[in-house]
Amino acid sequence: MLLPYITFFFLMLRTFRSLDTVNVHQNISDGETIVSGNGKFELGFFSPGSSKNRYLGIWFMNTSSQTLAWVANRETPLIDNSGVVKFDNQGKLLLVNSNGKVIWSSNSSASSTNTNLVAQLLDTGNLVVKKENKTSDEDFIWQSFDYPGDTYLPGMKLGKNFITGRETYLTSWRSADDPSSGEYTLRFSMVNDKYQQLYIIKSSTIETRIGPYNGISFSGRPQSTPVPAILTYVIDMVVNQNEMYFTTVLIGKDPTFMSRTIVTSNGKLEVSHLIPQNREWMSVSTVPVDYCDNYGVCGPYGSCNIAISPYCGCLKGFEQKTSNETSLENNTSVCRRSIALDCGPEEGFHKYSSMKLPDTENAVYSRNMSLRDCELACKNNCSCTAYANPNITTGGVGCLLWYGELIDVRVYPINGQDLYVRLAASELLELHSSINRKKRVVMVVTLSISVVLVLLGLILALHIRRKWKKSSRSSKQMGSAEVPLIGLSKISRATNDFSVDNKLGEGGFGPVYKGVLDGGQEIAVKRLSKSSGQGLDEFKNEVICIAKLQHRNLVKLLGYCIQGDEKMLIYEYMSNKSLDSFLFADESRKSILDWSQRFQIIQGIARGLLYLHQDSRLKVVHRDLKAGNILLDHFMRPKISDFGLARMFKEDENEANTKRVVGTLGYIPPEYAVNGLYSVKSDIFSFGVLVLEIVGGKKNRGFVHEDHDDNLLGHAWRLYKENKSLDLIDECIRASYSPSEVLRSIHVALLCVQQRVEDRPDTPTVVAMLGSEGPLPCPKKPAFFIHESENNSSSIPLLSSSVNEITFSQVDCR
Ligand code: AMP
């Protein structure tokens with residue numbers, strides 16, 4: 001029975017990182033980690049910030065800097081690397097130091113048999129102790145989600161179990177270097193029959209009230225409702241006899257979406273999402289935000305409004321009575337009722353809109369009461385000061401009745417809630433007549449404004465009509481483009497309303513978003529930004545040009561959208577994005593592309609060019625071929641993209657001239673940069689540069705070498721002449737390259753970047769040369785620029801560039 005475990009144990013030591021589970025016979029030592037099945041979380045030992053102390057913890061994987069989600073021994077650090085995690089014979093997880101002293105324990109205990117116990121790091125970031133075959137959280141013997149630190153993860157429950165008395169809440173770290181409990185906690189009010197609300201508490205004083213739950217979110221966080229967070233997760237609040245908790249459930253389609261909520265060591269509640277592009281956290285909501293978020297800052301019956309000065313005022317029916325002591329000591333005033341209530345039948349309520357509801361510690365909640373019944377209940381009880389429906393969901397019922405002081409009320413510009421405050425009859429009368437007076441004034445003003453507005457409306461309508469005509473003219477022009485027009489609402493739905501989480505990158509055209517159409521097809525949406533240098537002409541050019549072309553090495557345009565000011569291009573989604581994101585990245589990313597993949601990419605681009613230049617219905621010169629415009633699909637197959645600058649040639653036309661030279665420095669040939677002459681041979685030149693970049697893993701522009709000032713072309717030429725071309729290759733492909741293929745690629749590239757247009761091979765010859773092993777013509781010295789200014793690598797007009805030749809003595813062709 002023991003033998004398989006021992007064998008497994010030794011296997012484990014070598015393959016630890018890929019496993020998410022350890023069993024009772026296995027240990028985790030400092031230096032070893034276990035990884036959740038989805039690769040999002042890792043458990044192991046770490047030292048926070050500049051501290052040397054060691055802690056056992058769970059962190060997010062693949063983030064730009066280590067981000068902790070949970071710490072086991074936050075109060076009892078290890079002072080060296082001797083920590084070991086193991087099970088004891090009662091099924092507890094123990095963290096022991098070199099002396100065998102228990103530093104931390106999971107305080108769980110399993111009944112009778114514990115031989116099949118395991119500790120597993122789940123995909124949610126929850127470390128659980130359970131019997132091997134159990135999966136439900138009811139079966140967990142222990143789970144880290146019950147003992148959170150400063151971080152809330154989706155799926156965790158914050159609240160209280162009324163039967164066991166255990167409360168689950170967040171506690172801040174002391175500092176970035178010290179995960180021990182800091183001063184701040186995030187917890188619910190814990191009185192069973194009260195309407196639950198969240199507080200940030202410092203020691204035992206309430207600092208900020210996040211507010212009561214309103215059916216969607218918390219009323220003290222109105223900026224987070226209803227979007228964008230709601231698109232990716234929903235909040236659930238459960239209150240019953242046995243327990244009360246709040247939890248969030250991820251509902252977004254994106255499996256890579258990650259979110260965390262922390263209470264910081266300076267007392268802020270911060271919700272952030274991970275941006276997939278740069279693996280950094282983006283804060284989407286923070287509380288407290290402003291002065292009015294300080295708990296009860298305007299005192300009882302006071303109301304805080306950050307939009308007016310002074311921020312504090314009294315609710316209607318109350319007035320400021322500055323008491324000497326308070327004004328001197330605290331610089332505050334107290335709101336008192338102007339006219340005492342007599343509980344007569346004429347008393348009533350004044351409705352406030354867009355408010356943060358008062359602290360519910362003084363309130364009683366009835367789950368099923370309508371707003372009308374709520375009003376009656378409040379009216380019939382003389383000590384009831386206010387009422388409200390806390391539930392803002394459509395058709396949501398429920399009644400909160402406040403007895404006594406109304407504390408921590410504030411006005412929100414949007415998304416607040418309705419609050420009804422009790423007023424004396426005379427006050428109500430006065431309020432209503434002043435409202436009526438105001439109404440009359442408003443009516444006169446409104447009437448005059450209406451006349452002006454009608455006139456303005458007419459002018460606006462004429463303007464819109466003119467714009468609409470222009471845009472439908474553009475649409476009609478595109479109508480012949482053989483790709484479908486797609487509605488804005490469909491694209492908006494597919495991209496989560498152009499959410500930042502969906503953003504793939506930004507090019508000269510504007511931002512690019514990932515989307516999923518209703519049928520499940522993945523798309524990339526290029527949205528023409530209003531500030532884009534590339535305008536409507538490039539947009540039309542791209543649609544008309546690429547719509548007529550179809551080849552496996554050209555990116556496929558699936559549709560376009562023109563609606564109002566919006567112009568968008570919809571492409572098939574290329575999951576590996578652009579070639580430059582691999583070639584010019586760090587070692588680990590560069591090495592993803594081994595030589596055989598790079599050679600296939602070179603050949604694929606050449607085939608794409610051949611189609612553009614010769615095989616398609618049109619003769620197209622791309623004019624902006626570069627690593628950033630080669631997209632890679634799931635299998636790393638290259639697709640040429642970005643036809644905004646492309647030009648169509650008639651069949652017998654070979655060369656054209658332009659006054660506006662466009663392209664990208666480092667990729668354009670001299671005859672184009674200087675004289676504005678372009679032809680298929682301009683693309684051949686760019687292709688040559690691209691091949692040298694693919695082989696060398698370095699950019700032509702910005703290339704530096706300690707021995708000379710040449711760019712990559714000059715360097716490749718020097719090495720070629722010295723018969724040392726293989727020295728050009730990217731260090732990352734040293735282990736995988738084929739010398740003959742590399743030498744052939746460099747040779748063909750040097751032929752493509754020759755100074756004289758007529759010396760450069762045509763596209764069929766390039767494809768043939770790459771695919772054969774026959775002899776090649778000798779390249780002449782390349783055209784290349786030196787000492788270019790370094791500040792631009794995007795597509796730009798270029799007429800002012802100059803060509804500096806460097807003369808080398810020719811070598812014989814080998
Ligand atoms: P561009 O405007 O073509 O320069 O695109 C900007 C960035 O968006 C590129 O570098 C890619 O990372 C990304 N991108 C553009 N088109 C696609 C696509 N079809 N699929 C995936 N990513 C894309």
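Pro-288 is found in the loop between strand 24 (280-287) and strand 25 (302-304), where strands (E, at least two residues) and helices (H or I, at least four) are DSSP runs numbered from the N terminus. The model is a predicted one, in which local features need pLDDT of at least 70 and side-chain atom pairs count only at pLDDT 80 or more, while totals for chains, interfaces and linings use all residues. Residues are numbered from 1 along each chain as its sequence is written, and side-chain values use heavy atoms, with hydrogens and water left out.

A cis peptide bond, with omega about 0°, joins Pro-288 to Val-287. The loop between strand 24 and strand 25 also holds Tyr-301, a residue other than glycine whose phi is positive, near 65°. Tyr-301 counts as buried because its relative accessibility is 14%; buried means under 20% relative accessible area, exposed means over 50%, and partly exposed lies in between (1.4 Å probe, protein chains only). A positive phi near 65° is also found at Asp-642, again a residue other than glycine, and Asp-642 sits in the loop between strand 42 (638-640) and strand 43 (647-649). With a relative accessible area of 18%, Asp-642 is buried.

The next topic is charge pairing. Side chains of opposite charge can pair when their charged atoms come close. The structure holds 27 salt bridges, a salt bridge being a side-chain nitrogen of Lys or Arg within 4 Å of a carboxyl oxygen of Asp or Glu. One of them is formed by the side chains of Asp-408 and Arg-209, at 2.8 Å from N to O. This pair links distant parts of the chain, 199 residues apart, with Asp-408 in the loop between strand 32 (399-403) and strand 33 (409-411) and Arg-209 in strand 19 (residues 205-212). Both Asp-408 and Arg-209 are buried.

Another salt bridge brings together the side chains of Lys-351 and Asp-418, at 3.6 Å from N to O. Lys-351 lies in strand 29 (residues 348-356) and Asp-418 in strand 34 (residues 417-423), so the pair ties together parts that are 67 residues apart in sequence. Lys-351 is partly exposed, its relative accessible area being 43%, and Asp-418 likewise counts as partly exposed, at 30% relative accessibility.

A further salt bridge is that of Arg-760 with Glu-671, whose closest N and O atoms are 3.0 Å apart. Here too the pair links distant parts of the chain, 89 residues apart: Arg-760 is in the loop between helix 14 (739-752) and helix 15 (763-771), and Glu-671 is in helix 11 (residues 670-675). Arg-760 and Glu-671 are both buried.

On a 1 Å grid over the protein atoms alone, a cavity is a set of points where a 1.4 Å probe fits but cannot get out, whereas a pocket is an open set with protein on both sides within 12 Å along at least five of seven lines, and lining residues have an atom within 4 Å of a point. Grid points are joined across faces, edges and corners, and a volume is the space filled by probe spheres set on the points. By this rule there are eight cavities of 30 Å³ or more. The second largest cavity holds about 80 Å³ of space, and of the 13 residues that line this cavity, Val-22, Ile-28, Val-85, Leu-93 and Ala-119 are the closest to its centre. Strand 7 (residues 84-87) gives the most to that lining, with three residues.

The second largest pocket has a volume of about 660 Å³ and is lined by 28 residues, of which Asp-137, Gln-143, Asp-146, Lys-157 and Arg-166 lie nearest its centre. Strand 12 (142-143), strand 14 (158-161) and strand 21 (243-250) are the elements that give two or more residues to this lining, and the largest share, four residues, comes from strand 14.

Finally, Gln-600 lies in helix 10 (residues 595-615) and counts as exposed, at 51% relative accessibility. Gln-600 and Arg-637 are 37 residues apart in sequence, with their C-alpha atoms 7.7 Å apart in space.
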